[in-house]
Amino acid sequence: MPELLSIHDFPIPSNLRAAAVLVPVFRDAAGELQVVMVRRTAFGVHGGQLAFPGGKPEPQDGADLWATARREAFEEIGLPPASVQLLATLPTVPVPSGFRISPFLGRIVRPAAWQRQVSEVDEVLEIPLRHLADPATHTEEIWEQSGWPGPRRVPFYRVGPAGRYPLWGASYRILQPLLPRLLAGEWGL
């Protein structure tokens, strides 16, 4: 029997479109390091999935994907661009849906309340990094979804209330190698 392929074995299109995301991190009042993510609304190709705030560049961004990430974070969760300090430009992530995602790690000043864009965001999540570092949170399952050529091994973190949301795909690929670096205190966090 052939070995089961991973979610990361999907072919990547050769003509990728640019996109940018902000990986917002902050320390809460108890000193706990948190990462902010959104749960997308049920519509669209990424409906219901966990993601970092972000999207495609618009004319006002010019060729500056850092500007795209900050603009999108403001539009999606109400995070003012002046409240974000760039810590690192992370490696790009090509995805089967045809995008080349440019992630930016940013230290944020958390607003008093998140202002989500209700047409795109169902929920704003603050996820403790120590929760993601707990081996019980990390798992892998066999999934088969519409449009996939067959079943795939999918690694993911269980997050949210009672661990009911899988954090997988591009967001997982961005966060998974970043997690030990953040927890080790890189970037002075």
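Buried means under 20% relative accessible area, exposed over 50% and partly exposed in between, computed with a 1.4 Å probe on protein chains only. The model is predicted, with local features needing pLDDT of at least 70 and side-chain atom pairs counting only at pLDDT 80 or more, while totals for chains, interfaces and linings use all residues. Residues are numbered from 1 along each chain as its sequence is written, and side-chain values use heavy atoms, with hydrogens and water left out.

Select Trp143 and Trp168, both of which are buried. A search of the whole structure finds four aromatic pairs, where rings of Phe, Tyr and Trp (its six-membered ring) pair if their centres lie within 6.5 Å, and planes under 30 degrees apart count as stacked, over 60 as edge-to-face and the rest as tilted. The rings of Trp143 and Phe156 have centres 5.3 Å apart and planes at 40°, so this pair is tilted. Trp143 lies in strand E9 (residues 138-143) and Phe156 in strand E10 (residues 152-159), so the pair ties together parts that are 13 residues apart in sequence; helices (H or I, at least four residues) and strands (E, at least two) are DSSP runs, numbered from the N terminus. Trp143 and Trp168 form an edge-to-face pair, 5.0 Å centre to centre with 75° between the planes. Trp143, Phe156 and Trp168 form one aromatic cluster.

Next, select helix H1 together with Asp64 and Gly78. Asp64 caps the N-terminal end of H1, with a side-chain oxygen 3.1 Å from the backbone nitrogen of Trp66, and H1 is followed by Gly78, whose phi is positive, near 75°. The buried residues of H1 include Trp66, Arg71 and Ile77.

How values were computed
A polar contact is a pair of N or O atoms within 3.5 Å; within protein, one must be able to donate a hydrogen and the other to accept it, and residues adjacent in sequence count only if both atoms are side-chain atoms.
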